[in-house]
Amino acid sequence: MQRVPATIEEQLILKAIREESPWENLPKRLQATIASKEEWHRRIIEHCIKKRLQWNSCFARKVCKESEYYEEMMRYLRKNLALFPYHLAEYVCRVMRVSPFRYYCDMIFEVMKNEQPYDSIPNFSAADALRLTGIGRNEFIDIMNKCRSKKIMWKLNKSIAKELLPTQPVDFAIEPWWGVCLVNFTLEEFKKLSEEEMATIDKVCKEEANSFVLFDPDVVKGLFRRGLIYFDVPVYPDDRFKVSRLEGFVSNREQSYEDPIEELLYAVFVVSSENATVAELAATLQADLPHLQAAASFACRLGWAVKVIDPSSILEDSIIPGYPKIGLNDEEDGSHATAGSENMSIDGNTVHQGDISRTENYRQASNHTRLAFVVDANITSYLMMGSVSPGLKSHAVTLYEAGKLGHASIADLCKDLSTLEGTKFEGELQEFANHVFSLRCVLECLHSGGVATDKGVEEACDNMGMVASISDEATSLIADVMITDKSGDIGMNESELNIDDFACEHVRSNGDETFSTNLGEDGNCSSEDSKSEPNFQNDEKLISSEGSDVGKGTRRRKRKYRVDILRCESLAALPTTTLDRLFLRDYDILVSMVPLPFSSVLPGPTGPIHFGPPSYSSMTPWMKLVLYSTVACGPLSVVLMKGQCLRLLPVPLAGCEKALIWSWDGSAIGGLGSKFEGNLVKGSILLHCLNSLLKYSAVLVQPLSRHDLDESGRIVTMDIPLPLKNCDGSIARLGKELGLSAEECLNLNSLLIDLANKIELWTVGYVRLLKLFKERELDHFLPDDEKYEWVPLSVEFGVPLFSPKLCNNICKRVVSSQLLQADSLSEHHDAMQCLRKRLRDICAEYQATGPAAKLLHQKEQLKDSSQQLMNYASGKWNPLLDPSSPIAGALSDHQRLKLANRQRSRTEVLSFDGSILRSYALAPVYEAATRPVEESPAVGTIKVEPDDADSREVVLPGVCLLFDGSELHLFDIGACLQARPPVSLIAEASAASASSAIK
C-alpha cells in the first residue's frame with residue numbers, strides 16, 4: 001500500500017526520479033546510499049512498476065527497454081496476485097498477448113499449486129477473476145477438493161489443477177460504449193478467421209469509432225474468447241458516473257502491495273456522484289487524473305459504476321426563478337447549499353451541465369435537497385444477518401465495501417426491508433430486527449422531507465418496539481421505559497391528533513403524487529412504489545399543515561429529498577480536506593445515527609447542516625454537565641480526574657446502592673466504560689471499578705440509592721424524542737401519550753417546558769429522563785405518585801436505530817415540527833452554535849489549564865491575599881479559619897437532600913476530608929479569579945464564535961467536580977486519594993500542558 005516516505009533518503013530518491021536525474025547528477029548523499037549506477041536504474045524501474053506507469057511516459061524509458069520493463073512488471077503483478085493492468089493493455093494485451101483471462105487463470109493456478117487459501121487473493125483481483133473465469137470461493141474449494149482427493153498424484157504433479165480450470169472466459173456484460181481493440185495476429189491465427197470475422201477486423205482497422213455497439217456481438221465475443229481482441233473501457237475527464245451496487249464483490253483481504261489504482265477505488269466509491277465529472281473527482285480527492293480514470297474504468301468493467309451518456313437533453317423539471325435557496329443563513333455564496341447538485345436519473349441517464357457556472361446556477365434553483373444518513377459498520381452486519389433476503393446482502397456488501405448506498409438504491413433497500421415485516425425473531429436476531437425496522441422508518445421519513453409517514457412502517461415499528469421492550473427487560477441491566485402508548489394506538493384518538501395526521505389527511509385530498517410513498521389499502525407501501533424511486537411530479541403543489549398542536553395553518557412548498565447512506569468508517573478514512581470538499585459538493589444535510597463511534601468525522605463549520613452531534617465534546621460527558629448546569633436539574637454526579645487512585649470513596653459515592661459510570665473518551669476496561677448509556681455497577685465494587693477506569697480516562701459517576709432502582713435492581717428511564725417544540729413554537733405535550741398519571745403528566749410537561757426554554761434542542765435526537773426517589777424528612781409524607789421525580793439524564797443527537805419505537809416517535813416529532821423544511825434550518829444552526837459555545841465554555845473552565853484548575857492547584861498565593869491555605873486534610877481548605885458549613889458524613893443518609901438544602905454562596909468549593917463533606921465559601925480574591933470576564937460586544941457587530949467541530953481531541957477535566965442537583969462545583973477529594981501528588985507538581989504539569997497546547 002502507498003505510504004509516506006519515512007526517511008530523508010527516500011524523499012530525495014523520489015524527487016530525483018520525478019526530476020529524471022541521471023546517476024551522475026545525484027546528490028553525494030544519495031550516491032553514498034545507492035552503490036552503483038545499476039542499482040539506481042533498478043530503483044527507477046521498481047518505482048515506476050509500483051506506480052503502474054506507462055513506459056513511454058516515465059523515467060524507466062531512459063534506463064531499460066520497453067519489453068524488459070513490461071515483463072518485469074508482469075512478474076511483479078503475478079507475484080503479488082495483483083490486479084490486471086487494464087490501462088496498459090495497449091502493450092500487455094496487444095504486443096505481449098497476455099489476456100486478462102489467461103492472467104487470472106495463471107494466478108489461480110499458482111495459488112492452488114502453493115495450496116494457499118482463496119482468501120489470499122486480494123478482493124479486487126478475486127472479483128475480476130470471478131467475472132472472467134467464473135471461479136469464486138465455492139468453485140475454488142471444489143477444485144481443491146478434487147485435487148486433494150487424488151492424494152499422491154496431487155503431491156507429485158500439481159499441474160492437474162490446471163486441467164480443472166476453464167479454457168475460455170465466461171460470458172459477462174459488455175456495455176455498448178466499450179471499445180473493441182485488436183491484438184497482433186500471427187499468420188496461423190489470421191488464416192483461421194471466417195469471413196464475418198475478417199469483415200469485423202477490417203471494420204475495426206478502417207473506422208475511427210470502434211464501439212462495441214457497431215459490431216455483431218456474436219462475432220466480437222467469439223474473437224474475444226480466442227484472445228484475438230480485447231476491450232477498452234475509455235474514461236475521459238468530462239465523463240460522469242454513478243456507482244451502483246457491488247454485485248460480484250469478493251470480500252477477501254486487502255492488497256498488501258502498493259497499487260494507486262486499487263487504493264483509489266475505495267475513495268471513488270465514497271465520493272462519486274453523477275453530478276461530478278472525473279476531473280472534478282480527481283480535484284476532490286487530490287489524485288492523479290490518469291490513475292483516477294483507470295480506477296473508474298475498472299469499476300465500469302465490473303459493473304460497479306454506470307457511465308452517464310449524453311444526458312444534456314434530459315431536464316428533470318422546470319427551474320423556478322427566485323426560489324429560495326436552502327441554507328443556514330443569508331449567505332449567497334452557495335457554500336452551505338448544493339441542493340441543485342443532484343440531477344435526476346432517468347433510465348440510467350443524468351442531467352449534465354456543460355460547465356461549472358451552469359451547474360452552480362442549477363444548484364441554487366433546483367428544488368432537490370441532498371441528504372446523507374450516516375451509519376456505522378454495525379448496520380452492515382445487521383443487514384448481512386438478514387440473509388433471508390438476498391437483496392439485503394447485496395446492499396450490505398455495497399455499503400460496507402463502497403462506504404455508500406446511493407439514492408437510486410434506497411427504494412430497493414426499503415422494499416427488501418419490507419419483506420421482513422411480520423417475521424418473528426428470537427435472541428440476538430432481535431437486535432437485527434430492531435435496526436432493520438428502524439432503518440426503513442428513518443429512510444421513509446427522510447425521503448419525504450419530514451412531511452409524510454408510511455403508516456405501515458409506523459405500525460411495524462410500534463410492534464417491533466413492544467417486542468424489543470420485552471427482550472430488553474430480559475437482557476439489559478437498565479430498564480428503559482420507552483415512549484409507548486399504554487391506552488391505545490397513538491394518533492387514533494381524534495382529540496389527540498398531531499400535525500402529521502392533519503398533514504397526511506390534507507395530502508391525501510390533493511393526490512398521492514405529493515407523497516414520498518404511496519399507501520395501499522392495508523397501510524403498507526404499494527408494490528408500484530417499492531419497485532421504483534418515489535416520484536414527485538408537481539413542483540407547484542403546496543402542503544398545508546393544520547392541527548391541534550399548531551395554532552394556525554401554514555402553507556409551504558414541499559421540497560424533494562434524495563437520500564444517500566454513508567458509512568462513517570469510510571468517511572473517516574478520507575483526508576479531512578477531501579471530506580470537506582465532498583460534503584460541500586454533494587450534500588445539504590447530514591443526519592447521523594446514535595451512537596456514533598468516537599472515530600467518526602463530523603462536518604466542519606463550513607460544511608452541510610448536521611442533525612447529529614454538534615461537536616466531538618458533545619459525544620462525551622461534558623454534554624451531560626452542560627445539560628445539568630443549564631437546566632439546573634439532574635442526578636447527583638461526580639467527575640473524577642484521569643490518573644487518580646482512590647483509597648476510599650468520597651461522599652456522596654460512599655454507601656450508594658449502585659452507580660452509573662461513564663468513561664470520558666469511551667475507554668473500556670473489562671466491559672466498563674464502553675456503553676454510551678453507561679454501566680450500572682454495584683456500590684460494593686464501585687471503588688475497584690473506578691480505580692480500574694481512572695488509569696485510562698476521566699470518569700463521570702452518578703450514585704443511586706436503593707429507592708432509585710426498581711424491583712429488579714435497575715434504573716428506570718424514559719426517552720423523550722426531539723425536537724420538543726412544534727413548528728409554531730409551542731411545546732409538545734407528551735404526558736398523555738406515555739400513560740402517566742395526571743400528576744406525573746403535569747410534572748413531566750413542566751420539565752419539558754423548562755428544558756425547551758433553557759436549552760435549545762432544535763435537532764434530531766432524544767432526551768433520556770431518569771426516575772429518582774424524592775428524598776424527604778422522616779415526618780414528611782408524600783402520596784405514592786409524588787414520591788418520584790423525573791430528571792434529565794442525557795441528551796443524544798441523532799437517530800437511535802436500536803429502538804424502533806423511539807425511532808418512530810422521533811420521526812413523528814420531525815413531522816410535527818417540520819424540522820427538515822427550509823425555514824427551520826437557520827434555527828437549527830443557531831441552536832447548535834449555542835450548544836457549541838456552552839461546551840467550549842465549560843471545557844475551557846474545567847480543563848487542566850482552565851481557571852478552575854489554576855485555582856485548585858495554584859502553587860503560590862496572591863501577594864495581596866491575607867488568606868493562606870492550610871495543610872489540613874486535603875491540603876487546601878482549613879475548616880478552622882476558612883468559612884465552611886458541614887453537609888454530611890461518610891455514612892449519612894439523604895445526602896442528596898442535604899446537598900440541595902445547604903446554605904449556598906455564589907462561589908464555593910466542596911471538600912471531603914475523609915469523614916465530613918464540607919462547603920467552603922471562596923474569599924473575594926478567589927471568587928474574582930474564577931469569575932468569567934464578560935465583554936459586551938459593540939452595537940451592530942456580530943460576534944463570530946470559533947468552532948471546535950474539527951477538533952477531535954478529547955478534552956479531559958483537570959479538576960474533580962460535583963453536581964449537587966442544581967449547580968456544578970469544584971470538588972476537593974485530596975483526602976481520599978492513595979498517593980496525592982504535591983501541589984507544585986500539579987501546577988508545573990498544568991503549565992507544561994498549557995505551553996505545549998500553545999505551540
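Which residues in H18 meet which residues in H21? Keep that in mind while you get set up.

You have a predicted model open, where local features need pLDDT of at least 70, side-chain atom pairs count only at pLDDT 80 or more, and totals for chains, interfaces and linings use all residues. Residues are numbered from 1 along each chain as its sequence is written, and side-chain values use heavy atoms, with hydrogens and water left out.

**Stop 1: H18 and H21**

Select residues 377-385 for helix H18 and 429-447 for helix H21. Helices here are DSSP runs (H or I, at least four residues) and strands are too (E, at least two), numbered from the N terminus. The two axes, which are lines fitted to C-alpha atoms over the stretch in contact, with angles from 0 to 180 degrees between N-to-C directions, come within 9 Å and cross at roughly 105°. So H18 is roughly perpendicular to H21 (65 to 115 degrees counts as that; under 35 is roughly parallel, over 145 roughly antiparallel, the rest oblique).

Now for the opening question: Ile379, Tyr382, Leu383 and Met385 of H18 meet Leu429, Glu431, Phe432, His435, Val436 and Leu439 of H21. Contact means heavy atoms within 4.5 Å. By class, the contact has eight nonpolar, one polar and one charged residues (Ala, Val, Leu, Ile, Met, Phe, Trp, Tyr, Cys and Pro count as nonpolar, Asp, Glu, Lys and Arg as charged, the others, Gly among them, as polar).

**Stop 2: the largest core**

Next, click on Trp40, Tyr69, Phe231, Phe373 and Leu801, the residues with the most contacts inside the 235-residue largest nonpolar core. Such a core is a set of buried Ala, Val, Leu, Ile, Met, Phe, Trp, Tyr and Cys residues joined through side-chain atoms within 4.5 Å; buried means under 20% relative accessible area, exposed over 50%, partly exposed in between (1.4 Å probe, protein chains only).

Stay on Phe231: leaving aside residues up to four places away in sequence, its contacts include Phe172, Trp178 and Arg301.

**Stop 3: strand E26**

Finally, select 968-972, strand E26: five of its five residues are buried, so the rest of the structure largely encloses it. E26 pairs with E23 (residues 908-912) in the parallel sense over three bridges; pairing takes at least two DSSP bridges. Look for Leu910 opposite Phe971.

E25 (residues 961-963) runs antiparallel to E26, joined by three bridges, with Leu962 opposite His969. Four residues separate the strands of this hairpin, where Gly965 takes a positive phi near 110°.
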